[in-house]
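Trainee: Please pick one part of this structure and look at it closely. Then go on from there to other places worth a check.

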Amino acid sequence: MLESLLSPEFFNAILRATTPILFAALASSVASKAGITNMALEGIMLFSALFGVIFSAMTGNFFTGLLLTMVIGGLIGWFLAFFVLNLKTDEILAAVAINLIATGGTVLLMLAVSGDRGSSTSIASFSAPRIVIPLIDKIPFLGEIISGQNLMTYLAILAVIIMHLFMYKTPLGLKIRAVGENKNAAESVGISSRKIQYIALILSGVLASMGGFFMSGGYMNMFTKDMSAGRGYIALAASAMGGNTPIGASLVSLLFGAAQALANMMQLTDIPHELIQMIPYLTTLIGLGVYSYSNMKRRQKLAGK
Amino acid sequence: MTCLEKNIILQMNHIMKIYSNGVVANEDVSIELEKGEIHALLGENGAGKSTLMKVLFGIESPDEGQIVLNGQETTIKSPQDAISKGIGMVHQHFMLVPSLTVAENIILGVEPKKKGVFIDMDKAVFAAEEIAKKYNFDIDVKEKVEEIPVGIKQKVEILKALYRGADILILDEPTAVLTPQETDELFVQLKKLKDNGHTIIFISHKLDEIKKICDRATIMRSGKSMGTYEVKDITTEDMSRLMVGRDVILTFEKEPAKPSKVLLKVRNLSVNNGQGVLKVDDLSFDLRGGEILGIAGVEGNGQTELIDSLTGLNKSYRGKIYIKDTDIEKSSIKGIRDLKLGHIPEDRMTSGCAGNLGILENLFSNQYNDPEYSGKMLLKTKRIQERSNELIKEYLVKCKSFRQNVGMLSGGNIQKVIVAREFSTSPDIIIANQPTRGVDVGAAEFIRRRLLEFRDAGCAVLLISADLNEVFSLSDRLAAMYKGKFAGMFTDVSAVTEEELGQYMLGLKHQEEQEGMIYE
């Protein structure tokens with residue numbers, strides 16, 4: 001057991017399992033920085049997982065499939081923004097509605113397209129390729145972890161860097177942070193908070209859809225019912241615990257990815273798999289507990305107790 | 001004299017503004033600014049100063065009247081429009097983003113760019129430092145706004161306006177949150193701005209400050225302009241008479257206090273705020289039944305933290321608080337209220353009432369458990385409605401019925417609902433924090449009388465007020481709070497003058513030996 005925990009295969013699996021959570025955590029961070037909790041990540045991921053399969057099958061290649069799926073994610077983000085910002089719907093209620101539509105809607109759509117209600121095996125879809133990086137793959141241990149990942153995993157790492165630069169080095173990122181923290185201040189210098197929040201939610205939708213695409217076109221190579229399995233919610237926790245910064249969110253995502261990878265590996269043991277499948281969610285709960293406890297301690301310290 | 005000779009930069013002529021609820025905020029108000037002057041806009045709360053400035057800054061549109069800027073008639077559609085026309089405003093509540101640096105706040109919305117996509121931070125820092133240097137502002141522009149003191153935050157706001165090219169600067173009660181030193185520093189800088197040709201509108205109701213720094217003053221009273229005066233030609237007495245329209249000293253016929261036993265005991269109380277800053281510093285005092293202890297102080301000297309601790313809103317304090325000999329550290333807010341403590345909170349909208357609920361619900365939010373109004377399972381609706389009507393009548397709340405939402409009432413009437421709620425439980429201790437702030441004269445008078453009645457009936461009253469008139473006329477003992485301590489405690493209120501009290505409030509004076517803090 002310990003041996004397999006220290007093997008490069010396990011670390012490789014961690015990166016794999018982290019990828020969808022990481023995309024969604026980045027999605028959550030940009031929305032949160034703009035002052036909105038995007039709880040619809042779960043639904044966006046689920047829709048994107050299905051549309052990824054459909055689009056890549058329709059267009060005959062994964063890349064256009066990915067691009068079209070990102071459009072879908074952006075559209076759902078826009079849809080959420082419309083409800084929250086124009087119609088003033090409660091952001092949580094609107095997100096719950098989207099998530100419920102996703103649960104039922106994906107099954108219905110899959111049935112219509114493939115005639116199957118459990119998985120999309122009958123659809124000939126295309127996954128993102130695995131990439132072997134020349135030279136790097138020759139490095140012992142490290143090379144085995146870093147090289148040979150799915151293209152989406154590399155995109156996720158790239159997305160962390162891009163999102164960090166975007167949030168902290170560009171005017172739009174500055175505006176997003178300003179709107180999220182003090183809307184009045186932003187408005188007082190002529191920033192349209194609504195426009196900024198629209199942009200943030202659409203971007204959030206696009207990022208989440210990339211995580212969803214990876215679920216059915218990389219992590220697995222088909223869509224199955226409810227395959228996002230709470231990763232959207234886990235990502236919300238990861239983002240919050242990482243202070244809603246791209247770097248922080250990705251580090252915590254790595255922790256949750258490790259929990260997922262651990263659960264995956266332990267399915268080969270004799271422990272009942274129901275218990276093992278709890279690991280990612282338990283980790284989230286414990287993580288949030290530790291995070292909140294340390295926050296409380298910090299507050300008490302400030303109060304001088 | 002023509003406009004050109006006097007170099008008039010801005011005229012607002014015959015401005016009329018009536019709000020949708022029928023309040024006439026500005027009635028035929030005219031004001032004229034000469035280039036390079038500091039012009040005071042003087043008036044009591046609710047006199048229409050803010051409305052006039054909102055019209056100028058494009059936040060409100062006037063119903064009638066014209067604005068002439070640099071000799072040309074113009075309309076100002078929005079704050080952005082105002083900024084682009086060279087008008088900048090420093091709001092009383094700062095419009096800053098705490099986690100951003102000073103430089104980032106200054107350039108927000110007008111960011112310099114490099115390579116087309118990125119913010120040119122070097123340029124931003126340089127520009128911010130440049131402008132700070134030009135006006136002698138000593139600021140580290142790379143510091144985060146959340147880590148700098150209030151006085152500096154205000155400078156950042158001024159720099160923000162200057163960076164956007166403001167010729168006319170509106171300062172809304174800029175000294176309200178400043179220490180005396182910070183105020184002095186601000187005045188030096190305002191003079192510097194004036195020398196550089198900027199025109200400043202200085203909104204205030206502090207006469208000494210206006211005397212010190214302003215060239216001319218326009219005085220407003222209940223929505224109308226009482227005229228513009230050369231500050232050097234008008235006495236503060238005349239200014240105050242024009243501003244208030246009555247003799248400012250209000251007096252109450254009151255019996256001498258008959259203090260009984262100590263009901264509230266505070267020992268070595270220290271409180272930090274959320275940022276870890278010490279706000280109440282080792283404070284000990286007693287409050288007895290049958291007396292009113294007034295606390296005067298500039299906002300932000302620990303009053304809020306003190307009251308939050310006494311009323312159970314803040315539990316993270318050090319030291320001891322006893323209400324009728326009960327240590328309240330472990331008590332819930334309800335537990336504290338059950339000791340017969342009534343609390344009129346400082347901010348009526350956030351912690352005083354539930355704006356979206358009816359008057360009835362608000363009136364009974366502290367006594368729904370009382371067997372008089374509640375059975376075992378259900379509320380005694382009929383009894384509650386009867387009592388609501390009684391209270392509405394007794395406290396002269398102007399409303400359609402007890403079903404009306406509290407948020408729809410005027411500020412004064414909301415305050416009456418809160419006061420009615422707190423007083424109707426016949427408390428033994430009343431903590432009244434700014435009980436008459438933003439309340440019309442009639443309602444204020446009414447609330448003050450009730451406080452005196454309670455005191456005469458043996459109730460202990462702790463009164464915190466920014467209104468010096470109020471603390472002077474009501475208090476039996478008077479404390480000046482400065483930096484979390486009582487800098488002065490006066491057991492004979494008639495023996496202390498307003499000026500003297502002011503010196504204690506501003507930390508210029510400090511009693512070495514204090515009497516009348518502790519009675520047990």
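**A helix pair, then outward**

Mentor: Start with helix α4 (residues 62-86) and helix α5 (residues 91-114) of chain A, which pack at an angle of about 140 degrees with their axes 9 Å apart. Axes are lines fitted to C-alpha atoms, for helices over the stretch in contact, and angles run from 0 to 180 degrees between N-to-C directions. The crossing of α4(A) and α5(A) is right-handed. On the α4(A) side, the contact (heavy atoms within 4.5 Å) uses Ile76(A), Phe79(A), Leu80(A), Phe83(A) and Val84(A). Glu91(A), Ala94(A), Ala95(A) and Ile98(A) make it from α5(A). For handedness, the near helix is turned from the far one by less than a right angle: anticlockwise is left-handed, clockwise is right-handed.

This is a predicted model: local features need pLDDT of at least 70, side-chain atom pairs count only at pLDDT 80 or more, totals for chains, interfaces and linings use all residues, and side-chain values use heavy atoms, without hydrogens and water. Residues are numbered from 1 along each chain as its sequence is written, while chains are lettered from A and ligands numbered from 1 in the order in which they are written. Helices (H or I, at least four residues) and strands (E, at least two) are DSSP runs, numbered from the N terminus.

Stay in chain A for one loop residue. Gly230(A) lies between α10 (193-219) and α11 (231-241). Gly230(A) is buried at 14% relative accessible area; buried means under 20%, exposed over 50%, partly exposed in between (1.4 Å probe, protein chains only). Met45(A) is 185 residues from Gly230(A) in sequence, yet their C-alpha atoms are 9.7 Å apart.

Now chain B, helix α14 (residues 381-394). Its 14 residues reach 20 Å from first C-alpha to last, close to the 20 Å expected at 1.5 Å a residue. That expected span is 1.5 Å times one less than the number of residues. Ile384(B), Arg387(B), Ser388(B), Leu391(B) and Ile392(B) are buried in α14(B). Seen down the axis, the buried residues fall within an arc of 140 degrees, so they line one face of α14(B). The arc is taken from the directions from the helix axis to the C-beta atoms. Lys382(B) and Lys393(B) are exposed on the face turned away from that side. The cover over the buried residues includes α13 (359-363) and α15 (411-423) of chain B. Leu396(B) follows α14(B) with a positive phi, near 55 degrees.

Compare another helix of chain B, α2 (residues 49-56). In α2(B), 6 of the 8 residues are buried, so the helix is largely enclosed by the rest of the structure. They are Lys49(B), Thr51(B), Leu52(B), Met53(B), Val55(B) and Leu56(B). Just after α2(B), Gly58(B) takes a positive phi of about 80 degrees. Lys49(B) also touches Ser204(B), a residue of strand β10 (199-204) of chain B. Ser204(B) is buried, at 4% relative accessibility.

Two lysines deserve a backbone check. Lys324(B), in the loop between β16 (317-323) and β17 (326-327), has a positive phi of about 45 degrees. Lys483(B), in the loop between β21 (477-482) and β22 (485-490), has phi near 50 degrees. Lys324(B) is partly exposed at 29%, and Lys483(B) is exposed at 55%.

Last, the cysteines. The count is 0 disulfides over all chains, with a disulfide taken as two cysteine sulfur atoms within 2.5 Å. For Cys399(B), the nearest cysteine sulfur, that of Cys353(B), is 14 Å away.

Key:
Lists of a residue's contacts leave out its neighbours within four places in sequence.
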